[in-house]
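Hello,

Here is the structure I promised to pass on. Have a look at it first, and then read my notes below.

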Amino acid sequence: MEMNYDEAELHAIEQELGKEILPGTELMADVGSHHFVKGGSQVLVPQPSADPHDPLNWSPKWKAMCIIASTGVTFMQGLGPLALAPMFGYYIEDFNSTLPDVVKFTGVAILVLGFSNFIW
């Protein structure tokens with residue numbers, strides 16, 4: 001979870017550092033009176049929260065289920081278009097195409113699946 005500062009607090013930190021803090025910048029050290037949660041000597045980014053929806057607070061079982069589900073989807077999307085290869089002969093015959101056209105179809109199917117991740 002990203003740290004949110006009000007404008008006055010952000011301005012105070014900028015004054016203490018002597019540098020402008022651009023949007024998306026994460027502070028990696030204590031600054032003056034602003035102290036952060038640390039793991040050992042390192043500042044934790046993102047900072048831990050008490051929010052139950054924060055992935056850092058998920059139970060190990062839920063984290064494992066999420067990882068397994070995303071890994072399964074990745075393999076299913078990757079293996080689907082590759083399963084077309086044994087059927088190239090049938091595609092060439094049924095669609096009256098050449099081998100390069102059928103290979104191009106498979107390549108386009110893989111690209112569409114790859115780019116669909118950005119849409120999701």
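A word on terms first: helices (H or I, at least four residues) and strands (E, at least two) are DSSP runs, numbered from the N terminus. This is a predicted model, where local features need pLDDT of at least 70, side-chain atom pairs count only at pLDDT 80 or more, and totals for chains, interfaces and linings use all residues. Residues are numbered from 1 along each chain as its sequence is written, and side-chain values use heavy atoms, leaving out hydrogens and water.

The unreviewed UniProt entry annotates residues 66-90 and 102-119 as "transmembrane region"; such annotations may be inferred rather than shown by experiment. In the model, residues 66-90 are 80% helix and 0% strand, with end C-alpha atoms 38 Å apart. Residues 102-119 are 100% helix and 0% strand, and their end C-alpha atoms lie 26 Å apart.

Helix α4 covers residues 99-119 and reaches 31 Å from its first C-alpha to its last, close to the expected 30 Å (1.5 Å times one less than its number of residues). Its buried residues (under 20% relative accessible area, 1.4 Å probe, protein chains only) are Val102, Thr106 and Ser116. Seen down the axis of α4, they fall within an arc of 85° (taken from the directions from the axis to the C-beta atoms), so they line one face of the helix. They pack against α2 (60-82) and α3 (88-94), with contact meaning heavy atoms within 4.5 Å. The face turned away carries exposed residues (over 50%), namely Pro100, Lys104, Leu111, Phe115 and Phe118.

Lastly, Asn96, in the loop between α3 and α4, has a positive phi near 55°.

Best wishes
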